[in-house]
Amino acid sequence: MTTGFLGLGVMGQPMALHLAREGKPLIVWNRTRARTEPLREAGARVAGSPAEVFGAARVVIVMLSDEAAIDEVLGRGTPAFADLVAGHVVVSTSTTSAGYSAGLAADVERAGGSYVEAPVSGSRRPAEDGELVVMLAGDGPVVDEVREILRPVSRETVLCGAVPRATLLKLSTNTFLIAMVTGLAEAFHFADRHGLDRRLLAAVLDAGPMASNVSRIKAGKLLDDDFSVQAAIPDVLKNNRLVVEAGRQAGTSTPLLDVCLALYGETAELGHGGSDMVAVIRAIEARTAAGHASQDVPGDMARDG
């Protein structure tokens with residue numbers, strides 16, 4: 001049975017390539033045609049439109065940049081939407097708000113289709129290695145089918161229950177990821193300002209209990225000033241904003257992510273929109289250069305010192 005795939009960006013292309021290399025029928029579409037060439041070479045059929053994908057595949061995976069792109073590609077809000085999704089399984093691997101995902105699920109089901117949330121934890125490297133963690137939410141039998149389809153891209157799949165619980169779990173995961181990488185960048189900046197060898201810092205972190213695949217990869221990028229994209233600044237900014245907005249809606253405080261939101265916004269304003277999230281170190285450096293070092297030390301910390 002043919003599977004469809006819409007969106008071949010930083011994450012979508014390696015995910016689709018894993019599916020194509022399984023040797024099962026795959027039809028793909030991307031707005032920028034050049035991104036489809038590796039899929040064609042891997043044996044996938046390249047469609048000229050999203051409608052062609054839906055015409056050939058019952059299960060269609062969507063990995064698009066944001067909610068507006070999903071609505072546009074699916075024709076949501078137009079008569080074409082129902083014609084497109086009726087009788088199909090729409091699998092959203094994109095990161096959106098929980099409210100948006102729940103609304104899309106309702107619209108798909110009202111049109112006679114099925115909807116599965118399948119956001120993923122991991123950036124470009126895990127996607128290339130087929131090591132993503134997939135969070136799944138939706139109707140049981142359909143979820144089982146999607147779980148098997150996504151097996152080549154995943155190290156593990158986690159069943160989350162009903163929509164939008166997978167999206168909420170993804171936002172929880174992103175809270176830790178964004179705070180961790182931002183903290184790593186700040187640690188490197190702190191070391192730089194004190195004249196320490198960055199490689200010694202990386203060695204200590206790598207040998208200690210805080211080490212992880214993410215810390216090792218991101219520390220390596222900071223060591224080499226390598227800002228090539230694994231998780232782009234605009235995507236991190238979008239995900240950070242989704243976390244903060246979800247927190248506000250639930251009356252939940254998000255103090256760390258509030259600070260991170262400002263920092264990633266400043267990183268984009270400094271012209272690093274095409275860089276990996278480790279470029280947040282540039283915003284931290286800019287704050288230091290502008291004399292924004294902390295002046296007030298909390299009382300307990302001052303006494304401890």
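Q: What percentage of contacts in the protein between residues at least 6 apart in sequence join residues at least 24 apart?
A: The model is predicted: local features need pLDDT of at least 70, side-chain atom pairs count only at pLDDT 80 or more, and totals for chains, interfaces and linings use all residues. Residues are numbered from 1 along each chain as its sequence is written, and side-chain values use heavy atoms, without hydrogens and water. Contact means heavy atoms within 4.5 Å. Among contacts between residues at least 6 apart in sequence, the share joining residues at least 24 apart is 65%.

Q: What is the radius of gyration of the protein?
A: The radius is taken over C-alpha atoms, and the globule rule is 2.2 Å times the number of residues to the power 0.38. For 305 residues a compact globule would have a radius near 19 Å, which agrees with the value for the protein, 21 Å.

Q: Is H9 parallel or oblique to H13?
A: Helices are DSSP runs of H or I with at least four residues, numbered from the N terminus. Axes are lines fitted to C-alpha atoms over the stretch in contact, and angles run from 0 to 180 degrees between N-to-C directions. Helix H9 (residues 165-193) and helix H13 (residues 255-269) pack at about 60°, with axes 10 Å apart. Angles under 35 degrees count as roughly parallel, over 145 as roughly antiparallel, 65 to 115 as roughly perpendicular and the rest as oblique, so H9 is to H13 oblique.

Q: Which residues of H13 make the contact with H9?
A: From H9 the contact involves Thr175, Ile178, Ala179, Val181 and Thr182. On H13 the residues are Leu256, Leu257, Cys260, Leu263 and Tyr264.

Technical notes:
Helices (H or I, at least four residues) and strands (E, at least two) are DSSP runs, numbered from the N terminus.
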